[in-house]
Amino acid sequence: MAKHNVIFTKDNEYYTPKEFVRLFGNFDYDPATTREKAEEFGIKNYDTIETDGLQADWSKYKRIWINPPFTLKHEFLKKAVETYKRCHNEIYILFPIEFITTKRFFKIMEGMSGVLFIPNGRIKFESGLGKKSSSPAFGSIVLKLTDENLGGKFICYSIKI
């Protein structure tokens, strides 16, 4: 599907507002953040672009929040699925909603299930480049990985933002 009026740039630095993340509770690890955002959210364990969360061991953390860089969402999902299969930790991942309709998403998620949280509006992300916050041209969704009693299916919930 063509997305007219959408301008993609190399700016991967868009941060989830604290109020939105708090809807899902507290987290003890974020593999794709900045020191400032980790401190703001009270996340003691984190990785940044410099420390490369894709190379880190996520297995020691119970609750993980991920707003992956747009261009690396596939890699972060793959790592999250691999980690979940080994450790069954709670992993929440924020994606553009269109991503969950792709063959690549379902290939990575093969044999997995999930809980999908669909916001009732667009999230106003915070720009890492100091730009004014605005809602993106696409919707977002939060996926909580699970394989328990769902047989490869997904449960959906709407959440008020």
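E39 is exposed, at 52% relative accessible area (exposed means over 50%, buried under 20%, partly exposed in between, with a 1.4 Å probe and protein chains only). This is a predicted model, where local features need pLDDT of at least 70 and side-chain atom pairs pLDDT 80 or more, while totals for chains, interfaces and linings use all residues. Residues count from 1 along each chain as its sequence is written, and side-chain values use heavy atoms, leaving out hydrogens and water.

E39 meets R35 in a salt bridge at 3.3 Å, N to O (that is, a Lys or Arg side-chain nitrogen within 4 Å of an Asp or Glu carboxyl oxygen). The two sit four residues apart in helix α2, so about one helical turn separates them (helices are DSSP runs of H or I, at least four residues; strands are runs of E, at least two; both are numbered from the N terminus). R35 also bridges to E36, with the closest N and O atoms 3.1 Å apart.

K37 and E40 form a salt bridge too, at 2.8 Å, N to O. K37 is buried at 11%, while E40 is partly exposed at 34%. Shared partners tie R35, E36 and E39 into one network.

T34 sits in the loop between β2 (29–30) and α2 (35–41). A polar atom of its side chain lies 3.1 Å from the backbone nitrogen of K37.

## Strand β6

Six of the seven residues in β6 (113–119) are buried. β6 pairs antiparallel with β8 (140–146) over five bridges (pairing takes at least two DSSP bridges), and F117 stands opposite V142 there. With β9 (154–159), β6 pairs in the parallel sense over six bridges; G114 has F154 as its bridge partner.

How values were computed. A polar contact is a pair of N or O atoms within 3.5 Å; within protein, one must be able to donate a hydrogen and the other to accept it, and residues adjacent in sequence count only if both atoms are side-chain atoms.
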